[in-house]
Amino acid sequence: MLHNKTAVITGGSRGIGRAIAYKFASLGADIAVIYAGNQDAAEAVCQKCRQEYGVKARSYCCDVSDFEKAKETTAQVKADFGSIHILVNNAGITKDGLILRMKEADFDRVLAVNLKGAFHMIRHCSGVFLRAKEGCIINIASVTGLMGNAGQCNYAASKAGLIGLTKTAARELAPKGIRCNAIAPGFIATDMTQSQSENPMLKMIPLGRMGEPEDVAQAAAYLAEARYVTGEVLRVDGGIAM
Ligand code: NAI
C-alpha cells in the first residue's frame, strides 16, 4: 500500500501515466500529475483520484525538458504536499524517421523530453528524497531502448540513455535509501501507438496481444513497493524482447 506517500507522475494526463496515477491512487498515494498542455485532461485525472480513491491530487503544467520549470514545479509540489516519495518519469514523445532523413531538431527534441526531462526531475526530486530519507524513481523506458527499432533512432537512443541513467541513479542513490528502476514496455495501446495497429511486429508478440496501460501500471506498483529491487529494467512487453 502507498498510504502517506506522494507520487509525482510526469505525463500523467493520459495513456500509461494516467493508468499509473489511478493505480497509485487506488493504493492510497497522493498524486501530482505533471502535464504538458492539456489542463482539462490532467484535471479530470485528479478529480477521479480525489472522488474515487479519496486521495489528494493536483495537476501542474510543466514541460519537463525545461530545467528551471521542472525545478519550480518540484518545489511547488513539495510545498503543496509536504514531501515527495515516488517519481515516475513517464513523459515521452516520438518524432520518427529514418536516420538518413532525420532532422536535427527532431533528434534533439526527443532526447530533450525523454532523457533530459527525466534527468531534470531526478535532479530536482533527489534533494527532497534525501531529506525524506526515502525515495523511489521509476523511469518508463521502452523495449526499443533494448533492441533498437528502424525509424526510431532518436527515440531508441533516448530510451537506451534512460536505462543508463536509471542504473547510475540506482548506484549513486542506493546508499541514501533511494531506489531507481525502469520499465521497458513493448506495444501498449495508447494515443502514441494509434497508428501502429497494422505493424507486422504485433504478430511477433508471444502473448498475442498489445498491452494495456494497466499492464504497465501493475508493474509500476510492484516497483513502488519492491524495497530490495533497484537498478532493474522490467520488461512489460508480452515477451517480444526476450
Ligand atoms: P502518450 O502520448 O499517450 O502520453 C505521453 C504523455 O507525456 C502525455 O501526457 C503528454 O502530455 C506527456 N508529455 C509529452 N511531452 C511532455 C513534456 N515535454 N513535458 C511534460 N509532459 C509531456 O504516450 P504513452 O503511450 O502513454 O507513453 C507514456 C510513456 O511510455 C512514454 O515515455 C513512452 O515513450 C513510453 N512507452 C510507450 C509505449 C507504448 O507502446 N505506448 C511503449 C514503450 C514505452
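About 60 Å³ of space lies in the largest cavity. The structure is a predicted model. A search of the whole structure turns up one cavity of 30 Å³ or more.

What lines the largest cavity? Its lining has 13 residues, and N89, A91, V113, N114 and A118 lie nearest the centre. Two elements give two or more residues to this lining: α4 (104-132) and α6 (153-173). With five residues, α4 gives the most. By class, the lining has seven nonpolar, five polar and one charged residues.

The space that the ligand takes is the largest pocket. Elements giving two or more residues to the shell around the ligand are α1 (15-26), α4 and α6. There are 28 residues around the ligand, of which R14, N90, Y155, I188 and T190 come nearest. Sorted by class, this shell has 14 nonpolar, nine polar and five charged residues.

How much of the ligand does the protein cover? On its own, the ligand has 820 Å² of accessible area, and the protein covers 94% of that.

The helices α4 and α6 each give two or more residues to the cavity lining. Both also give two or more to the shell around the ligand.

Note on methods:
Residues are numbered from 1 along each chain as its sequence is written. This is a predicted model: local features need pLDDT of at least 70, side-chain atom pairs count only at pLDDT 80 or more; totals for chains, interfaces and linings use all residues. Side-chain values use heavy atoms; hydrogens and water are left out. On a 1 Å grid over the protein atoms alone, a cavity is a set of points where a 1.4 Å probe fits but cannot get out, and a pocket is an open set with protein on both sides within 12 Å along at least five of seven lines; lining residues have an atom within 4 Å of a point. Grid points are joined across faces, edges and corners, and a volume is the space filled by probe spheres set on the points. Helices (H or I, at least four residues) and strands (E, at least two) are DSSP runs, numbered from the N terminus. Ala, Val, Leu, Ile, Met, Phe, Trp, Tyr, Cys and Pro count as nonpolar, Asp, Glu, Lys and Arg as charged, and the others, Gly among them, as polar. A residue is near a molecule or strand if one of its heavy atoms lies within 4 Å of it. Accessible areas come from the Shrake-Rupley method with a 1.4 Å probe; for residues, only the protein chains shown count as cover. A molecule sits in a cavity or pocket if more than half of its atoms lie within 2 Å of its grid points.
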